[in-house]
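Subject: Structure handover

Hello,

Please find below the structure I said I would pass on. My notes on what was found in it come after.

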Amino acid sequence: MANDTFAPAGPALLALPWGANIPIKYIAGLAGFLLWLFLLHILKKSGLNFWRFLAGSVGAFLLMLVFLEPALTQPLARIVALLASIPGKIGDIYSAHYKYGVIFVESGGTAISLKIDFECSGIIEIIAYLSLLMFYRVYTVYERVYVGILGVIAIVLANALRITVICLLIYFGGIGIYYVAHTFIGRFVFYGLSVLIYFYVFTKPQIIKQKVGSFRYGDDK
């Protein structure tokens, strides 16, 4: 049977009268962005602060997922691979190819390459964290910027620790343990640390400000 080869389709383009072509993705994104801003304005004027928080967080998540995720996934994977390779390099246990976001682990005469992809890069968790923080009125605008930077760093380090744990388990337990290490133990480490981050960033400050009577879903300070 003959094998037909098809060239990958490029992004759909919108032809403008003066000859320029713009991807429809950006046109739709701009329209969605303007609609999102209009909705936030209406909710703010109506005093529906909880719904503004909900709509703002969901909208910010979707916009960042569409426009930032494709550009940030690979650089983030390289950073995670670099951080996760430090213990391996110190102990001469495993190595990493930072450019491709790949970690190479040898165990018992066999080897496995771990590719840090979209799921393992932590980009989804970072986007979700920033989306919630953007509209979390317990903090002032300046506090949100500060807490946002610290939170992103914490999530990246937690993800690098997850990859490190997976690599160490494979090195000492053999390649056969990969599924359990990645699917269960690694995720338990990462999401356990994520719960702690969310507690100290979202839950604890809210409880403290409620106790002193200063918590509100109102305008920024």
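Arg 162 lies over the face of Phe 190, 4.5 Å from the centre of the ring. A charge is taken to sit over a ring if NZ of Lys or CZ of Arg is within 6 Å of the ring centre and within 35 degrees of the ring normal.

Some ground rules before the rest. This is a predicted model, in which local features need pLDDT of at least 70 and side-chain atom pairs count only at pLDDT 80 or more, while totals for chains, interfaces and linings use all residues. Residues are numbered from 1 along each chain as its sequence is written, and side-chain values use heavy atoms, with hydrogens and water left out.

Overall layout

The chain has six helices and five strands, in the order β-β-α-α-α-β-β-β-α-α-α along the sequence. Helices (H or I, at least four residues) and strands (E, at least two) are DSSP runs, numbered from the N terminus. Of the 221 residues in the chain, 36% are buried. Buried stands for under 20% relative accessible area, exposed for over 50%, and partly exposed for what lies in between (1.4 Å probe, protein chains only). Among the contacts in the chain with a separation of 6 or more, 62% come from residues 24 or more positions apart; a contact is heavy atoms within 4.5 Å.

Aromatic rings

How many aromatic pairs does a search of the whole structure find? The search gives 13. Rings of Phe, Tyr and Trp (its six-membered ring) pair if their centres lie within 6.5 Å; planes under 30 degrees apart count as stacked, over 60 as edge-to-face and the rest as tilted. One of the pairs is Tyr 136 with Tyr 139, which is tilted because the planes stand at 50°, with ring centres 6.1 Å apart. Both Tyr 136 and Tyr 139 are buried. Another is Tyr 171 with Phe 172, whose centres are 5.0 Å apart and whose planes are at 90°, so this pair is edge-to-face. Tyr 171 is partly exposed at 31% relative accessible area, and Phe 172 is exposed at 63%. Ring pairs also link Phe 53, Tyr 129, Tyr 136, Tyr 139, Tyr 198 and Phe 202 into a cluster.

A salt bridge here is a side-chain nitrogen of Lys or Arg within 4 Å of a carboxyl oxygen of Asp or Glu. By that rule there is one salt bridge. It joins the side chains of Glu 119 and Arg 187, at 2.5 Å from N to O. The pair links distant parts of the chain, 68 residues apart: Glu 119 is in the loop between β5 (110-115) and α4 (123-134), and Arg 187 is in helix α6 (residues 178-211). Glu 119 is partly exposed, at 42% relative accessible area, and Arg 187 is partly exposed too, at 30%.

The count of disulfides is zero, a disulfide being a pair of cysteine sulfur atoms within 2.5 Å. As for cysteines, Cys 120 is buried at 8% relative accessible area, and Cys 167 is buried at 0%.

Ser 57 and Ser 131

Which helix holds Ser 57? Ser 57 belongs to helix α2 (residues 49-67), and Ser 131 belongs to helix α4. The two residues are 74 residues apart along the chain, with their C-alpha atoms separated by 4.8 Å. Ser 57 is buried, at 7% relative accessible area, and Ser 131 is buried at 2%.

A polar atom of the Ser 57 side chain lies 3.3 Å from the backbone oxygen of Ser 131. The Ser 131 side chain, for its part, reaches the backbone oxygen of Ile 127 at 2.7 Å. Setting aside neighbours within four places in sequence, Ser 131 is in contact with Ser 57, Ala 60, Phe 61 and Met 64. With the neighbours of Ser 57 within four places left out likewise, Ser 57 is in contact with Ser 131, Leu 132 and Phe 135.

A backbone angle

Asp 92 is in the loop between α3 (69-91) and β3 (94-97). Its phi is near 50°, a positive value in a residue other than glycine. Most residues other than glycine have a negative phi. Asp 92 is exposed, at 69% relative accessibility.

Regards

Methods. A polar contact is a pair of N or O atoms within 3.5 Å; within protein, one must be able to donate a hydrogen and the other to accept it, and residues adjacent in sequence count only if both atoms are side-chain atoms.
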